[in-house]
Amino acid sequence: MTNRERTRAWESIVDDLGPWAQAFGLRRDAQLAGTGRPSTDSPSFLSGDVSVYRADDLIYVHRRVGDLGEVVFMLRPRPGAAPELVRDLFMYGTPGADHSSN
């Protein structure tokens, strides 16, 4: 995928998120880092502490919550309306972090 195609894919995701993009602090002109999720329909993007990708008809937004874990939002874009929140969940624990009590 060329840089221009990645930019278009990012802009499409931000546009499809509508008001949710602002809630997550995502902008079309954000400086992005690419991440790998080869089984998805689009590239994955990392903007700050938020990673975003599209799979099937959903947009997945992962946001880190310190060392506690991450919150995942699954949103379904709807033409002419704000995306529908399909599911949200909290995943306890961050890979590689030590959560044992001393």
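Modeller: In this predicted model, two rings of Phe, Tyr or Trp are called an aromatic pair if their centres lie within 6.5 Å, with the six-membered ring standing for Trp. The structure holds five such pairs.

Biologist: Why is the pair of Trp20 and Phe24 called stacked?

Modeller: Their ring centres lie 5.8 Å apart, and the angle between the planes is 25 degrees. Planes under 30 degrees apart count as stacked, so this pair receives that name.

Biologist: Why is the pair of Trp20 and Phe73 called tilted?

Modeller: The centres of these two rings are 6.3 Å apart, with 50 degrees between the planes. Stacked needs an angle under 30 degrees and edge-to-face one over 60, so this pair counts as tilted.

Biologist: How do you know that this pair links distant parts of the chain?

Modeller: Trp20 belongs to helix H2, residues 19-23, whereas Phe73 belongs to strand S5, and the two are 53 residues apart. Phe73 has a relative accessibility of 17%, and because the limit for buried is 20%, Phe73 is counted as buried. Together, Trp20, Phe24 and Phe73 form one aromatic cluster.

Biologist: What makes S5 a partner of strand S4, and what joins S5 to strand S6?

Modeller: Pairing requires at least two bridges, and strand S4, residues 58-65, has seven to S5, so these two antiparallel strands pair. S5 is also joined to strand S6, residues 81-92, by nine bridges, and these strands likewise run antiparallel. Phe73, the residue of the tilted pair, stands opposite Asp88 in S6, while Val65 stands opposite Gly69 in S5.

Biologist: What lies between the strands of each hairpin?

Modeller: Three residues separate S4 from S5, and Gly66 in that turn has a positive phi of about 55 degrees. Two residues separate S5 from S6, where Gly80 in the turn has a positive phi of about 70 degrees.

Biologist: Which elements have the lowest and the highest mean pLDDT?

Modeller: Strand S1, residues 33-35, has the lowest, at 61, and strand S5, residues 69-78, the highest, at 93. The protein chain averages 82, with 80% of the residues scoring at least 70. Over residues 97-102, however, pLDDT stays under 50.

Note on methods. Residues numbered from 1 in each chain as written. Predicted model: local features only at pLDDT ≥ 70, side-chain atom pairs only at ≥ 80, totals over all residues. Heavy atoms only, no water. pLDDT = per-residue confidence, 0-100. Helix = DSSP H or I, 4+ residues; strand = E, 2+ residues; numbered from the N terminus. Contact = heavy atoms within 4.5 Å. Buried < 20%, exposed > 50% of the residue type's maximum accessible area, 1.4 Å probe, protein only.
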